Amino acid sequence: MKLKKQVTVCGGAIFCVAVFSLYLMLDRVQHDPARRQNGGNFPRSQISVLQNRIEQLEQLLEENHQIISHIKDSVLELTDTGAVSPSGHLPFRSANGSWVLPFDGRPTFLSVKPQDCQFALGRRGQTDLQMLDVYSLLSFDNVDGGVWKQGFEITYEPSEWDSEPLQVFVVPHSHNDPGWVKTFDKYYNDQMQHIFNNMVVKLAEDPRRKFILSEISFFVKWWDSADAHKQEAIRKLILGGQLEIVTGGWVMTDEANAHYFAMIDQLIEGHQWLERNLGVIPRSGWAVDPFGHSATMPYLLKKANVTSMLIQRIHYSIKKHFSSTRSLEFMWRQAWDPESGTDLFCHMMPFYSYDVPHTCGPDPKICCQFDFKRLPGSRVNCPWKVPPRAITDANVAERANVLLDQYRKKSKLFRSKVVLIPLGDDFRYDKSLEWDQQYINYQKLFDYMNSHPEMHVQAQFGTLTDYFNAVYKANGVSQGARPPGYPVLSGDFFAYADREDHYWSGYYTSRPFYKNLDRILESHLRGAEILYSLAVSHARHAGMEGRYPTSDYSLLTDARRNIGLFQHHDAIAGTAKEAVVTDYGTRLLRSLIGLKRVIINAAHFLIMKNKDVYRFYQTEPFLETDDRRATQDSLPQRTLIELDSSPRYLVLFNPVEQERLCVVTVLVNSAKVRVLTEDGQTLPVQLSAQWSSAVQMSGEVYQASFMARLPALGLAVFHLYDSVDSPMTLRSDTLLRLPGRSQTVRGVDPLPVRSQIADPQPFYIQTQSLTLAFSGTTGLLESIRRKDDPQEVRVQVQFFTYGTRPSKDKSGAYLFLPDGNAKPYTQRDPPIVRVVEGPLFAEVVTYYQHFQQTVRIHNVPGVDGLSLDITTLVDIRDQTNKELSMRLHTDIQSEDTFYTDLNGFQIQPRRYFQKLPLQANFYPMPTMAYIQDSQYRLTLHTAQALGVTSLASGQLEVMLDRRLMQDDNRGLGQGVKDNKRTANRFRLLLERRTSSSRPVGSYAKVSHMLNKIISHVFGDTEKEAVDSGPVSFPSLLSHMTSSILNHEVLALPVIPKKRGVPPLRTFAPLANALPCDFRLLNLRSIQNQDAQSPSLYTALLLHRLGLDCGLEAQNPGFNCTTTQGKLAVSALFRGLDLQLLQPMSLTLMYSGTPLSNSSIISLEPMELSTYKLKLR
C-alpha cells in the first residue's frame, strides 16, 4: 500500500510539472509581443499564421499526451526494478539480481536549453590553415635541403630591398629551465643570479642594448635578495624599453600534459607579482622550448591581453611547408570560434632550434660564426669546425655582408621586410665576458650596416615587442590586428619531431607517478583556494577576521608557486634528472601537506554551528587529513577512523561546483559501523574487507562505504558509531577466482570469502545502470551493457608492451622509438581475480605480476553510477626497456578518427595516418580521449596526463608507464629508471548517440520530448548531431564525469575532543545552483601588497563549457539546468554580501568598468572570464 502511494505521489508530481510547463509555453506563445497581432484586424496572411498556431497547439497537446504516457512508463519502470524499496529503508536484491537502494526522495531533473546545444552544431569562422588538413596534405618525406637540411635553398634578388630596407631586430635572450639537469636552486646559485647581476650592469652601459626575460620564478628569487639600488635599476631598464618581460608566467609551461587550471594559475602568479612589484604588463608571448604547442595557449594569452606570441618546437615538415608558403606568421584562431574573436598573431621560428646557429638564417655553419661566446679559447665551440672571429675594422665589411646574406634569406620566408633574429641559448649571459663578446661585436656589425645605405638594412638590438610592433607598422595595422593577406590557422602542433622519425611522444607518459601527483595537488589547491576565500569572507561578515588564521595565505602562495614550478616543460613532462625529479616531488609533497592544513582550518570554521565558540589553535587541528604520504614518492595511506560507542564526526568536502550524489568509502576499525546523516537518518553501509594482498585480508581494518548527497563546493557532516545494532550495515559478497588449488583463503569474521578454481566462462557484475562481463581466462573487462540498451557493447581490455629499437637511437625520457608493433602482455601463471558485490558497489580486482586492475561500478543514480571507475596499479621496476599500455578493443566503427583533449580545456579531433610511423600517432591526453560512430561514443577519462592513440578502428590505447635504460640524446644524459608504484586512475563512459535512433529509456524519452516541444514552440529546430570536422565537444555527462574523477571527495574525520565536539552543521555555500555548463575554475584570494596576507578582493574564474547534446540524456543525480550562459553573481553565495563585481582580464592585469552588484553576467560557450569580487 505504501509503495503504491509513493508511486502515485511521484507520478502526480511529474504530471503537474509537465502540465505547468505546457501552460507556460502556451502562455508565452499567447503573450509574446512578436507573435501578438495588432489592432484586431486579421488580414488573410495573419489568419493563416493563426491557423498554423492552432495546429501547433494541437500537436503540442498530442506530444504532451505522449509525455504523460512516458512518465507513466517511467513510474512503472521504477516499480518494476524495485527502485522504491518496499521497506523504504533497507537495500534489497531485485528479481534480476541487482541491488536496489532506498529511494532517496529527491527528484532530480536535467534541463538543457536547446539554444545551449546550438554552439556545437553552429558554423565556424573560416580559416586558411586547418592543421588536420595540413597533416593530410603533407608527405612527411625528409628530403635533404642542403645547408638547411630540413628545408630548401633560399634565393633572392639583391635589389629587393632597394625601396624598403630590411629591418633587423636581434633579440638577446637566455633560456632558463627552472629545473632540468640541475635543481631550481642549483641553477639559481650556479648561473641565474649571475645572469641577473650582469644584466643590471651591462644593459646600463649602452642604451642601445636590449634583453628579454621569461621565467618569473627565477626572477622573484633574485629580486627578494636584491638591494634597493638593483631593484630601481631594473625598473629603469624596463621603463626605458631595454628590458622586456615576455609571457610573464611563473614558468614557460609545458603545453602537452599541463591542465588549463594550472596553466592559468602559474600565469596569474607571475603576472600578479609583476604588477605588484614592477607595474609591468607583458605584451608578447615567448615559448621556444615546449615540445609541441597547444591551441589552448594562444587563447589563454589572448584572454590575458597579450597581443602577439612566438613558438618554436614544431615538426620539421610543417616548418618547411609553412616556410615555402610564407605562412610562418599567422593569426591563430580557436577551431570552435564562430567569428575571429580569439585570433592571436603568432610567429613560428623556421629552423631547427632556438640556439644561435639556427636563428640568424638557414646555414648553421655560418650562423655559428656569429655566436661570439664560441670565440677561440671558449669551452663552447662550433660543430661545423669554423669558429667565430672577433669583429675588427679589417674584417667588419666582409663579416657584415656574410651575416646580411643570412638575414635576407631568412626574411624571404616571411611576408614583411622585418626579420627577427633571437640571440641566445640555454643559461647564456651568466658571465660578464659573454655580454661584452656578444653586444660589442654585434654593435660593430650594426654600425657598419646602418652606415652603408647601399646595404639597404637597418639593424639593431630589440625586444620581442619591438619586433612585433615593427611588423604591425610595416603592414599598416594596429597592435595585434591581422595584417592584410596573413593566413588564419586553427589546430595544434602535436606530435613534435625534430629530425628523422624522432617523435617526442614519450614524454606524454614519462614519470606518470608525478603526473598523477600534480593533478591531486591541483584539485587540493583549487579546493583550498575556494574554502579559504569563503572562510575569510564569512569571518569578515561575522566580524571575526582577527580570530581566523588568515596567515594560511602563505601556504596558498607556497602551493601556487610549487605547482606553478611543476608546470615547467621539463617537470610535468617527466624529462628532468632523477635528483631534480625528487626535488620537485619534495616541493609538491610539502605543498600538499600545507593545502590540507588550509582546507582543514577553513572547514573547521565553516561547519561550526555557533561561530562564537570557534577557537583556532595552531597546535591542535580540529580535523584529520583524509590520507597521508610517508614520502614524496609513496602512494597515499588512507586515515583510519577509530570508532567506539560515542559518535565520531566525519566532514565530507565536495570540491565540485554541483551537488554530488556519490559513494564514499572510509576505513574503520569496527565491522559494526553505523553511519548517520547530520539529521540522524541511518544510511545503508556496505562493509568490505581491506586487503593486504591478493588473498590476505586485514582482520583489524574494514572499508565502510555509504551513499552521500553533498552540497556544491560544500561540507557535509556525518556521524559514525560502533553500534551493536547496525541492521543497515550489509556485508560485501566476495569470491576469489584462483588459478589452482595451492592457495588457501580464509575470511575474517564477519566477512566470509568464497573461492573457486577459475574457469574460462565469462562472469558478470551489475548495478541498476550497468552490467559488465569479464573474461574467465584473463579476469579483464569484455563488454558493457547499459540498463536501457538491449545491445551488449564489446569493450575488451588488453595489455601490451613495447620494446625499443636495437639500433643506436632508442626511446628515452622524450622520444618514443618502439621496436615495431606492441606485443601482448603475457605471464606464466593465470591471474588471481577477486569479485566483490554489494548494495553500493561491485568490483573486480585482477592481479598480474606488473599491474593490478580494479574495475568498480557504483550502484547510485546519477553521474557516479554511469561510468566504470578503473584503477590500474602499475609496477614495472624489474623491466628493461619496456613500456606498458592498456588497449580498449571495441566494435565501435571509429575508422581512423579519434579525439583527445588539449589541457582539459577543449577537444582536438585526431586521425591515424598510416604514412606516419607508429610513434607519430600518439598524442597527449591530459583528461580524456574518445572514439565514436553513429551509435556510440566511448570516452576514457583520466586523472593524470598520459599518451594515447587509436591504431585501428574501434581501438583506444593508453600508455601506462615506461622504463628506459638509456638517454635519447636530447641533453638529459639519463634514461628513465626511477619508476614508482603508480596508480593510474580512469573513468570509462559509454554513451549512446541520439542521432542514431530515438532516445532509449523512459528518462531519456521524457527529456528528449520536452526539449523537442520547447524547441518547436520557441523556434529552435534541433539539428542532427554530426561529426563536424575540426570541432568536437564532450557531452554534459562527460564533463561531469571528468570533474568527479579529478576532484575526489575529501573525507576529514573530526579529532575527538576531551571536552566534547561543539555542534556542527553542513555548510552549503551556494544559495543558487550554478548552471551545469559552468565550471567554477577558481575563487582565488588576491594578495595584499605585503604578499603574506589576502586583500579584501577575490578573483572568480568561470569557464562555460561547450556541449555536445547529441548523446542520450541521463539523469545526473542532481538538478541540472542551463541558462544560455547567464549568471546572477549577487545571488550566488549564501550569507555573503557582494560589494564589488568587476570584469577583469584573465590574469587581473586589466580592469573593466565595475558592474552593478545585481548585474547578470553572461558567458559564451567555451569562454573563460575573470571577475574581481568583494565579498563580506
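This is a predicted model: local features need pLDDT of at least 70, side-chain atom pairs count only at pLDDT 80 or more; totals for chains, interfaces and linings use all residues.
1. As for its place in the chain, glutamine 632 belongs to the loop that runs between β15 (627-628) and β16 (637-638). Setting aside residues up to four places away in sequence, glutamine 632 touches Phe513, Tyr514, Leu517, Thr582, Gly585, Thr586 and Leu589. Tyrosine 584 is 48 residues from glutamine 632 in sequence, yet their C-alpha atoms are 9.0 Å apart in space.

2. Helix α8 (residues 260-277) and helix α15 (residues 512-541) have axes that come within 10 Å and cross at roughly 60 degrees. Angles of 65 to 115 degrees would count as roughly perpendicular and those under 35 degrees as roughly parallel; α8 and α15 are therefore oblique to each other. The crossing of α8 and α15 is left-handed. On the α8 side the contact is made by Phe261, Ala262 and Asp265, and on the α15 side by Glu522, Leu525 and Arg526. Sorted by class, this contact of α8 with α15 holds three nonpolar and three charged residues, and no polar ones.

3. Helix α5 contributes Ile195, Asn198, Met199, Lys202 and Leu203 to the contact, while α13 contributes Ser432, Trp435, Asp436 and Tyr439. The classes in the contact of α5 with α13 are five nonpolar, two polar and two charged residues.

4. The model also contains an open sheet of five strands, ordered β21-β20-β24-β18-β46, with antiparallel pairing. Its edge strands are β21 (682-683) and β46 (1050-1053), each of which pairs on one side only.

5. Within that sheet, strand β18 (residues 648-653) is joined to β46 by four bridges, and the two strands run antiparallel. Which residue of β46 stands opposite phenylalanine 653? The residue is leucine 1050.

Key
Residues are numbered from 1 along each chain as its sequence is written. Side-chain values use heavy atoms; hydrogens and water are left out. Contact means heavy atoms within 4.5 Å. Ala, Val, Leu, Ile, Met, Phe, Trp, Tyr, Cys and Pro count as nonpolar, Asp, Glu, Lys and Arg as charged, and the others, Gly among them, as polar. Two strands pair if DSSP finds at least two bridges between them. Axes are lines fitted to C-alpha atoms, for helices over the stretch in contact, and angles run from 0 to 180 degrees between N-to-C directions. Angles under 35 degrees count as roughly parallel, over 145 as roughly antiparallel, 65 to 115 as roughly perpendicular and the rest as oblique. A crossing is left-handed if the near helix is turned anticlockwise from the far one by less than a right angle, and right-handed if clockwise.
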